[in-house]
Amino acid sequence: MDLGLGYLTLDRASSTLSTGERQRMQLARAVRNRTTGVLYVLDEPSIGLHPSNIVGLTGVMHDLVADGNSVVLVDHDTQILKEAGWLIEMGPEAGAKGGQVIAEGTIAEIAQNKNSKIGPFLKAESSVIRKQAAEKEMFAAGRIHLETGAIHTVKPLAVDIPKGRLTVVTGVSGSGKTTLILESLVPGLTAATSGQKLPEHVLNVQADGIRTVKLIDATPIGINVRSTVATYANVHDELRKIFARTEDAKTLGFKAGDFSYNTGKLRCPTCDGTGEVNLDVQFLPDVNIDCPDCRGSRYSLLAHRVEFENKNGEVHTLPQLMAMDINTALHACAGLSTVCRRLETLASLGLGYLTLGEATPNLSGGEAQRLKLAGEMTRAQSDTVFVFDEPTIGLHPLD
């Protein structure tokens with residue numbers, strides 16, 4: 001009850017719990033055991049929690065400490081951070097530009113520390129980034145109307161969502177947000193726009209001028225190790241064309257297709273362009289290791305003979321670019337407008353620390369979600385409803 005799970009029924013299958021619910025169930029077991037002298041490490045326990053649920057969570061943390069345990073949290077949520085006795089801040093940026101302790105101390109000390117990135121948020125100096133539309137103009141662009149019957153714990157509802165606006169659905173954990181939006185609005189709009197039969201519990205949907213619905217959630221992007229950040233963001237195809245136009249490529253007779261690590265001539269023959277090889281260990285599960293020949297670059301030695309010179313006179317090969325993080329690649333691709341535009345979108349969504357050659361199945365849920373968003377932002381569209389399921393997961397206030 002303290003952890004905000006009072007709405008769960010006792011016969012609820014654990015497989016149907018959300019990540020946050022599962023984590024708090026594990027925490028409830030730990031607290032019940034009344035341990036002492038244990039170090040508890042929690043990775044983002046605030047995920048998916050309403051501020052009022054966080055009050056219960058922090059209460060449980062204090063109980064653990066009072067019993068003689070130690071608690072270490074990895075988190076961004078300022079409401080939880082303010083409860084800490086000691087705060088260690090990593091930074092200053094993500095990826096290669098991070099990895100240092102930039103501030104540590106009590107909350108009061110961090111709030112005054114000029115090196116701290118979280119300090120201003122601990123002082124609660126909020127700033128309005130975008131002005132809200134006036135109330136009488138809220139539905140000026142039209143509305144999406146939804147009527148539902150009862151489903152799960154959600155009562156029959158009638159909801160109006162303004163078109164051309166950013167609408168947020170909030171409420172404590174388990175209040176029915178997911179049921180209303182992901183189980184009613186999304187399938188209802190999908191059926192209405194494609195001329196199919198509405199789901200049984202969706203009684204009515206009106207959405208004039210809406211042609212498509214796109215759900216951008218935190219489900220992983222595929223299981224294909226050949227899919228990388230560069231291929232998903234449509235950067236790899238552009239780079240292949242650019243390298244095919246270089247003097248080196250023309251001399252050696254390479255075309256754009258040869259630079260593909262899926263089918264091209266220049267892929268590493270040992271790992272077949274996957275960057276890893278599978279070791280069959282007797283009596284133990286198979287182990288994947290970086291390819292010993294290409295060292296995970298996916299390319300054969302021939303690919304290192306084709307060089308591209310950017311507008312600053314710097315020379316790079318395609319395997320070198322694929323090993324760079326997005327922030328570094330932006331500098332290396334100076335002068336390539338299409339590539340830079342796509343990379344800037346990724347960097348602006350806080351993904352600048354990912355390497356271009358990173359396999360998409362390895363990304364966290366939040367990273368996958370922001371990569372999907374970047375893919376949509378490069379297309380022009382005006383008749384779409386975008387639905388985001390907790391896009392702030394794992395994000396620092398600055399991100």
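Trainee: Where does Arg298 lie?
Mentor: Arg298 sits in the loop between strand E10 (287–290) and strand E11 (307–309). Keep in mind that this is a predicted model.

Trainee: OK, and is Arg298 buried or exposed?
Mentor: Buried, with a relative accessible area of 6%. The phi of Arg298 is near 80°, a positive value in a residue other than glycine.

Trainee: What about Glu44, what's its phi near?
Mentor: Glu44 has a phi near 50°, which is positive, and the residue isn't a glycine. Look for Glu44 in the loop between strand E1 (39–43) and helix H2 (51–66). Glu44 counts as buried because its relative accessibility is 16% and the cut-off for buried is under 20%.

Trainee: Which peptide bond is cis, with omega near 0°?
Mentor: The one from Gly91 to Pro92. Pro92 is in the loop between E3 and strand E4 (100–105).

Trainee: Switching to the surface: which residues make the nonpolar patch of about 440 Å²?
Mentor: Trp86, Ile88, Met90 and Val101. Ile88 belongs to strand E3 (residues 87–91), and Ile88 is exposed, at 52% relative accessible area.

Trainee: Last topic, helices. At what angle do H8 and H12 pack?
Mentor: Helix H8 (residues 236–244) and helix H12 (residues 337–348) pack at about 155°, with their axes 10 Å apart.

Trainee: So are H8 and H12 roughly parallel or antiparallel?
Mentor: Roughly antiparallel, because angles over 145 degrees count that way. Their crossing is left-handed.

Conventions. Residues are numbered from 1 along each chain as its sequence is written. This is a predicted model: local features need pLDDT of at least 70, side-chain atom pairs count only at pLDDT 80 or more; totals for chains, interfaces and linings use all residues. Side-chain values use heavy atoms; hydrogens and water are left out. Patches are made of residues with over 30% relative accessible area and no salt bridge: like charges are joined within 9 Å, nonpolar side chains (Val, Leu, Ile, Met, Phe, Trp, Tyr) within 5 Å. Accessible areas come from the Shrake-Rupley method with a 1.4 Å probe; for residues, only the protein chains shown count as cover. A salt bridge is a side-chain nitrogen of Lys or Arg within 4 Å of a carboxyl oxygen of Asp or Glu. Helices (H or I, at least four residues) and strands (E, at least two) are DSSP runs, numbered from the N terminus. Buried means under 20% relative accessible area, exposed over 50%, partly exposed in between (1.4 Å probe, protein chains only). Axes are lines fitted to C-alpha atoms, for helices over the stretch in contact, and angles run from 0 to 180 degrees between N-to-C directions. Angles under 35 degrees count as roughly parallel, over 145 as roughly antiparallel, 65 to 115 as roughly perpendicular and the rest as oblique. A crossing is left-handed if the near helix is turned anticlockwise from the far one by less than a right angle, and right-handed if clockwise.
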